[in-house]
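Student: I've got a structure to go through and I'm new to this. Can we take it bit by bit?

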Amino acid sequence: MLRTLWVWIGIPLIMIGIASAIVIYSVNNPPDTIVARMLTYERIFRVIREHMGLLLVSMIGATIVGVAGGIMLSRPSLYRIGRVMETLVNIGQTVPSLAVLALFYTILGLGFRVAVFALFLYSILPILRNTFAGIDGVEHSIIEAARGMGMRPLRVLTKIELPIAFPIIVAGLRTAIVINVGAATLATFIGGGGLGDLIVTGLSVHRDMIIVNGAVIAAITAILLDYLIGKAEERVVRWS
Amino acid sequence: MDQLLGMAFDVFRAAGNGIESIAQAGDRGIIAHTIDYISRRSDLILELMLEHLWLVVLTLIIAVTISVTVGIIISYYESFAQTVLGICQVLMVIPSMAMLAFMVPLFGIGFTTGVVALVLYSLLPVVRNTYTGIRELDPAIVEAAKGMGMTERRILFKIKIPLARPVIMAGVRTAAVMMIGIAAIAAYVGAGGLGELIFSGISRGHQPMIIAGAIGVSIIAIAFDYLFYYGEKRFSVEGSTREGN
Amino acid sequence: MIKLEGLTKVFKGHNIPAVKDLNLEVNEGDVCVLVGPSGCGKTTTMKMINRLYEPTGGKIYIRDEDVLQMDPIKLRLDIGYVIQEIGLFPHMTIYENIATVPNEKQWPKDQVKEKVDNVMSLVGLDPDVFKNRYPSALSGGQRQRVGVARAMVSDPSIMLMDEPFGAVDPITRARLQNEFLRIQERMDKTIVFVTHDIDEAIKMSDTIAVMKEGQLVQHATPSDLLSAPADEFVSNLVGRNRSIKRLHLIRISEILEDVDRAPAIKDDTKEEEVKKRLDESDLRTVIVVDRDNKLKGVVGVNDLKRKTGEVAGDYYQEVSDTVTDDATLNDALSVMLEIGEGYVAVVNEDEKYQGTITLGDLLNVVREES
């Protein structure tokens with residue numbers, strides 16, 4: 001019980017605490033007026049809000065589309081297309097995130113929405129692939145047993161295929177989030193805002209304190225999310 | 001939640017507009033412009049591409065040397081291993097922009113910053129694969145080698161590393177592909193390479209430049225991925241025939 | 001009960017039918033074993049009965065009802081189904097696995113619980129021990145038991161079993177087969193059973209249907225099949241040593257009463273008496289049992305020489321293996337070979353000593369039968 005509390009609340013609070021301490025110290029002790037002007041609570045909250053907006057909208061969208069798409073492609077009638085998709089997705093994932101954002105900028109222009117859309121498409125890939133691979137990986141004999149006992153196709157999907165594929169789907173979500181958090185810091189280059197703003201501002205005015213603030217918050221957000229999903233992953237699989 | 005939904009709608013509307021603008025872009029002949037740009041500035045693009053490759057290959061050599069060594073060491077010290085792997089995992093999760101930003105106060109703007117950040121990034125895949133590659137060898141093989149009187153040193157170089165090589169190479173593949181992408185971002189902190197085209201293209205609104213950079217980086221990444229995939233296949237074939245199955 | 005008429009299956013992209021014009025009738029309460037080399041169409045035939053495969057031509061009747069007109073889901077819910085790979089659901093506990101069909105049928109919770117407990121005990125799995133375990137924590141034999149329990153839980157009158165004991169070692173297989181036969185004796189289900197192992201077929205079946213290249217070669221009782229194989233293919237399949245195969249057909253209990261052998265001694269028997277009984281015995285050993293007639297072990301001439309106590313219970317040797325009286329003579333033979341003795345002690349379900357049979361007894365049977 002105490003352990004669970006520590007794992008789920010203690011460690012996350014420590015991480016948030018470290019980030020907050022650095023932010024509070026920096027805002028209250030600016031070394032010069034430039035930092036004082038550029039590093040305010042208001043600004044920090046704004047970029048965090050933008051960052052979370054980027055993450056949430058693109059991840060929720062990508063999860064829905066990725067999981068639904070993966071399920072659809074794993075159905076026998078679309079299975080062949082699924083295999084082709086798998087190869088395409090693997091190639092797509094090799095394309096660097098900066099290149100993806102840059103290409104979307106050339107097509108759609110600047111702005112938050114463009115960034116979200118690029119992140120959304122980029123995050124679909126691991127989720128789609130893992131959902132498809134997870135369902136595809138369910139042993140044939142298990143499905144045959146389920147069908148032979150009289151389960152309807154929809155029941156086989158919801159009761160057998162999805163639960164067995166679940167750990168792999170979650171692993172795909174984890175990959176997607178890590179990639180997404182990383183790419184979200186690049187959104188600033190195409191006018192998407194977020195924590196990247198702080199880093200880029202810091203770099204352009206040569207103020208390390210601003211850079212470090214942006215980097216710390218971005219890093220801790222990423223580590224925290226990855227940590228939480230990792231712990232959830234451990235809990236999800238009781239059976240293997 | 002309403003706000004979220006609103007955002008989502010906005011995004012999809014924007015995507016719709018985007019598709020229209022692709023059509024318009026076709027009218028303006030963006031593809032023609034890009035091809036034109038590439039042929040005009042092929043010397044610059046080639047130079048940046050070589051710079052990019054140099055950055056990646058150099059860091060790959062450094063990173064693989066360090067990572068394989070660390071992987072081998074932790075394969076002997078089990079208690080140590082989980083901590084080291086944990087640290088590497090955290091390093092890899094840190095957004096690349098944040099990692100590069102951390103390096104700037106320490107190493108300034110330039111090539112070194114890029115190299116250090118990239119090395120840190122590529123630790124996890126190679127260390128983890130070296131470690132698991134060695135740990136998951138059939139213990140009977142190692143025991144047989146011991147039984148025949150091989151020294152631990154000989155076992156490591158003649159048995160463990162050759163047998164774990166396919167797994168290690170898979171880690172190097174992951175690291176290499178990742179590095180190519182991050183090297184592009186490293187151009188922002190002065191490490192050079194094709195990322196420069198993307199960044200200056202964005203700041204100048206010069207679309208052909210951006211496309212040339214983005215596609216160039218993607219081609220390098222896909223080519224590396226394929227090369228390593230091909231290499232992996234060869235290695236694994238060798239491995240299975242050597243085992244005599 | 002089950003009637004196949006002109007059943008044919010041609011898979012897409014194949015010219016040669018997997019099953020061709022098959023006619024077969026299985027009577028209520030019978031175990032019909034489909035046997036043949038791999039690729040002979042036996043599994044395909046079975047999968048058409050619960051319509052996992054749709055027949056290309058022909059009819060299937062269950063209780064004179066046309067199966068092809070029925071809702072396949074309803075059909076399958078009423079037919080027990082066991083496959084070689086077992087196909088246990090790895091993410092569900094043993095309880096949830098077995099409760100699959102009742103839950104699909106939406107039985108009330110307490111009824112499901114009662115049935116699952118019953119059926120688990122029936123296949124020899126203690127519900128309190130195994131209920132909440134996951135399949136990954138079970139041995140191969142235990143998984144097979146769960147597979148059978150899962151198929152039987154809703155009391156289907158028909159069961160389809162595709163090499164259900166294929167994935168376990170020979171000793172476990174023999175034990176599972178015997179247990180299954182014991183259960184079948186009580187339940188009297190109509191069973192279609194697929195195997196490539198002719199010994200298993202002879203042991204388990206009421207009738208055997210031999211298949212070759214999608215066609216039925218012979219459908220007969222095991223005894224008829226052994227004495228009058230329809231053609232060369234069947235006689236090759238049953239093999240040259242047909243008289244030894246007959247050992248599969250006879251239960252130990254059937255010959256035990258004809259065997260005239262000195263009874264066992266109690267564990268409190270004194271030395272004098274032990275000596276006397278050893279001299280009378282044709283085996284140079286005597287069986288030792290306790291007061292409840294439970295098997296303790298054996299005493300041989302050498303044990304008596306090196307004796308460490310007053311009564312037989314102090315110096316008997318434990319036996320390494322026994323057979324149950326519902327096992328076949330072939331099982332007895334394997335155990336004898338296994339333990340390297342010319343005899344084996346027979347016990348019943350409660351481990352009560354029933355008698356001893358020897359290699360000589362088996363030889364007599366083979367001689368009489370051929």
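Tutor: Start with C:Glu213, which sits in the loop between strand S9 (207–212) and strand S10 (215–220) of chain C. Helices (H or I, at least four residues) and strands (E, at least two) are DSSP runs, numbered from the N terminus. One caution: this is a predicted model, where local features need pLDDT of at least 70, side-chain atom pairs count only at pLDDT 80 or more, and totals for chains, interfaces and linings use all residues. Residues are numbered from 1 along each chain as its sequence is written, chains are lettered from A and ligands numbered from 1 in the order in which they are written, and side-chain values use heavy atoms, with hydrogens and water left out.

Student: OK. Is C:Glu213 buried or exposed?

Tutor: C:Glu213 counts as exposed, because its relative accessibility is 61%. Buried means under 20% relative accessible area, exposed means over 50%, and partly exposed lies in between (1.4 Å probe, protein chains only).

Student: What about the phi of C:Glu213?

Tutor: Phi is near 45° there. That is a positive value in a residue other than glycine.

Student: Where does C:Asn293 sit, then?

Tutor: C:Asn293 is in the loop between strand S12 (285–289) and strand S13 (295–300) of chain C. Its phi is positive too, about 70°, and C:Asn293 is not a glycine. C:Asn293 counts as partly exposed, because its relative accessibility is 30%.

Student: Zoom out. How many helices and strands does chain C have?

Tutor: Chain C has 17 helices and 16 strands. Its C-alpha atoms fill a box of roughly 75 × 55 × 30 Å along the principal axes. Of its 370 residues, 54% are buried.

Student: New topic. What is chain A made of?

Tutor: Chain A has 10 helices and zero strands. Along the sequence the pattern is α-α-α-α-α-α-α-α-α-α. The C-alpha trace of chain A spans about 75 × 50 × 20 Å along its principal axes.

Student: How much of chain A is buried?

Tutor: 54% of its 240 residues. The accessible surface of chain A is about 10,400 Å², with 68% from carbon and sulfur atoms.

Student: How do H8 and H10 of chain A pack?

Tutor: Helix H8 (residues 153–184) and helix H10 (residues 208–236) meet at an angle of about 180°, with axes 10 Å apart. So H8(A) is roughly antiparallel to H10(A). Axes are lines fitted to C-alpha atoms, for helices over the stretch in contact, and angles run from 0 to 180 degrees between N-to-C directions. Under 35 degrees counts as roughly parallel, over 145 as roughly antiparallel, 65 to 115 as roughly perpendicular, and the rest as oblique.

Student: Which residues meet there?

Tutor: From H8(A), they include A:Phe166, A:Val170 and A:Ile177. From H10(A), they include A:Leu225, A:Ile229 and A:Val236. Contact means heavy atoms within 4.5 Å.

Student: Which residues form the nonpolar patch on the surface?

Tutor: A:Met1, A:Leu5, A:Ile9, A:Leu13 and A:Ile16 form it, with about 530 Å² of accessible area together. Patches are made of residues with over 30% relative accessible area and no salt bridge: like charges are joined within 9 Å, nonpolar side chains (Val, Leu, Ile, Met, Phe, Trp, Tyr) within 5 Å. A salt bridge is a side-chain nitrogen of Lys or Arg within 4 Å of a carboxyl oxygen of Asp or Glu.

Student: Where is A:Met1?

Tutor: A:Met1 is in the segment before helix H1 (2–28) of chain A. A:Met1 counts as exposed, because its relative accessibility is 77%.

Student: Now chain B. How many helices?

Tutor: Chain B has 10 helices and zero strands. Of its 245 residues, 45% count as buried. Chain B exposes about 12,400 Å², and carbon and sulfur atoms supply 65% of it.

Student: What does B:Val64 contact?

Tutor: Leaving aside neighbours within four places in sequence, B:Val64 is in contact with B:Thr69 and B:Val172. B:Val64 lies in helix H3 (residues 42–76) of chain B. B:Val64 and B:Ala175 are 111 residues apart in sequence, but 9.1 Å apart in space, C-alpha to C-alpha.

Student: Last one. Which chains have the most contacts?

Tutor: Chains A and B, among the two pairs of chains that touch. Chain B and chain C do not touch; their nearest C-alpha atoms are 21 Å apart.

Key:
Areas by Shrake-Rupley, 256 points an atom, 1.4 Å probe, with all protein chains shown as cover.
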